[in-house]
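Dear colleague,

I am handing over the structure below, and my notes on what was found in it follow. Please read them with the model open beside you.

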Amino acid sequence: MAITKILNINSTDEGNPAEHLKNALEYIQNPDKTEKCQLVGGINCLPEMAYNQMMDTKQTYGKSGKRQAYHVIISFSPEEKVTAEQAMYVLEHFAKDVLGDDYEVVYAVHTDREHMHGHLIWNSVSMTTGKKYNSPKSNWKNHLQPITNKYCDELGLSIMPAEYSK
């Protein structure tokens, strides 16, 4: 069973407004957590260049302040022996389903805990339209968790009931 959690990466008050974004991208790509970066992928960007590419998109559309990105964590139950390949499949397909071809996204599977889990970070600004991604309050229950469930179900993994609201 996988649970999806979405977090906002906001700008900093001092110094580089995108410092939190830079740190988050470095964290999810940590070689010690990702089998020496073998479990890292990107859509519409190269993971090692993602920060610069995301900043270029923000500057192109004049949207470099406030919300910098979104950080999704998909955690699998320790009782369910999910492979790194299965987790990568869920992350990549989740990203493509939620974001299409509109956003730069980096995803990575971490294998440093007893439970398999993965991270996705995507630019808050669309590279195709310049619009910011909107995540309303009901987004988790009505959109994000059902997409995680869809890909877990495809792999024969258990799913999180939609009624779960915390």
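The axes of helix α1 (residues 19–28) and helix α2 (residues 50–60) come within 10 Å and cross at roughly 150°, where axes are lines fitted to C-alpha atoms, for helices over the stretch in contact, and angles run from 0 to 180 degrees between N-to-C directions. That makes α1 roughly antiparallel to α2, a term used for angles over 145 degrees. The contact (heavy atoms within 4.5 Å) is made by Leu21, Lys22 and Leu25 on the α1 side and by Ala50, Tyr51, Met54, Met55 and Lys58 on the α2 side. Of these contact residues, six are nonpolar, none is polar and two are charged.

This is a predicted model, in which local features need pLDDT of at least 70 and side-chain atom pairs count only at pLDDT 80 or more, while totals for chains, interfaces and linings use all residues. Residues are numbered from 1 along each chain as its sequence is written, and side-chain values use heavy atoms, with hydrogens and water left out.

The largest nonpolar core has 30 residues, and Ile74, Phe76, Phe94, Leu120 and Trp122 have the most contacts inside it; such a core is a set of buried Ala, Val, Leu, Ile, Met, Phe, Trp, Tyr and Cys residues joined through side-chain atoms within 4.5 Å, buried meaning under 20% relative accessible area with a 1.4 Å probe and protein chains only. Two or more residues come from each of β3 (67–76), α3 (84–99), β4 (105–110), β5 (117–123) and α4 (139–154), and α3 gives the most, with nine residues.

Best regards

Definitions and conventions:
Buried < 20%, exposed > 50% of the residue type's maximum accessible area, 1.4 Å probe, protein only. Helix = DSSP H or I, 4+ residues; strand = E, 2+ residues; numbered from the N terminus. Parallel < 35°, antiparallel > 145°, perpendicular 65-115°, else oblique. Nonpolar A, V, L, I, M, F, W, Y, C, P; charged D, E, K, R; others polar.
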